[in-house]
Amino acid sequence: MKPEEFRHRIEECRQLRFTELALSSGWNTPGEEKLTAIPDEVFELDWLEKLNLGRNQLKRLPSSISNLQDLEVLDLDNNQLQELTNSIGNLQNLDRLILKNNQLKWLPDSIGNLQYLEAVSYTHLTLPTKRIV
């Protein structure tokens, strides 16, 4: 996707108050750009219920993700995430979190705060067998 397409989708979502926003990139599409950071404008869309950021080059999830209190589905598959922010535990309506094919080594303890979380999809996640305090 080209940068102006990302901006267009965000603006369209804002104007029409869509509850779903897809900013995912295609698989190895020539000339396609991938997000390396989530545009700040996304965190102003506090009515979003589904956010697809898959197939980009995101390395971190900013704490401002917690602004999206209505979020039910967060798709972050096929990025380069190395860690998740603790503020992900503030997404009280989140019921599905997709983390497949990232570089995560652990999940923050705040994941335990997500009382409606039904599914976490992940691969390549190495969790310690014993917590080190």
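**Core, helix and salt bridges**

Mentor: Start with Leu51: apart from its neighbours within four places in sequence, Leu51 is in contact (heavy atoms within 4.5 Å) with Leu21, Val42, Ile65, Leu68, Leu71, Val73, Leu74 and Asp75. This is a predicted model, where local features need pLDDT of at least 70, side-chain atom pairs count only at pLDDT 80 or more, and totals for chains, interfaces and linings use all residues. Residues are numbered from 1 along each chain as its sequence is written, and side-chain values use heavy atoms, with hydrogens and water left out.

Trainee: Which residues touch the most other members of the largest nonpolar core?

Mentor: A nonpolar core is a set of buried Ala, Val, Leu, Ile, Met, Phe, Trp, Tyr and Cys residues joined through side-chain atoms within 4.5 Å. Buried means under 20% relative accessible area, exposed over 50%, partly exposed in between (1.4 Å probe, protein chains only). The largest core has 32 residues, and those touching the most other members are Leu21, Leu51, Leu74 and Leu76.

Trainee: Which element gives the largest share of this core?

Mentor: Helices (H or I, at least four residues) and strands (E, at least two) are DSSP runs, numbered from the N terminus. The largest share is three residues, and the element is helix α1 (residues 3–16).

Trainee: How many salt bridges does a search of the whole structure find?

Mentor: A salt bridge is a side-chain nitrogen of Lys or Arg within 4 Å of a carboxyl oxygen of Asp or Glu. Glu11 and Arg14 meet in one at 3.3 Å, N to O. Arg14 and Glu44 meet in another at 3.1 Å, N to O. The search finds two.

Trainee: Which residues are linked in a network of salt bridges?

Mentor: Glu11 and Arg14 both lie in helix α1, three residues apart. Glu44 is partly exposed, at 48% relative accessibility. The network links Glu11, Arg14 and Glu44.
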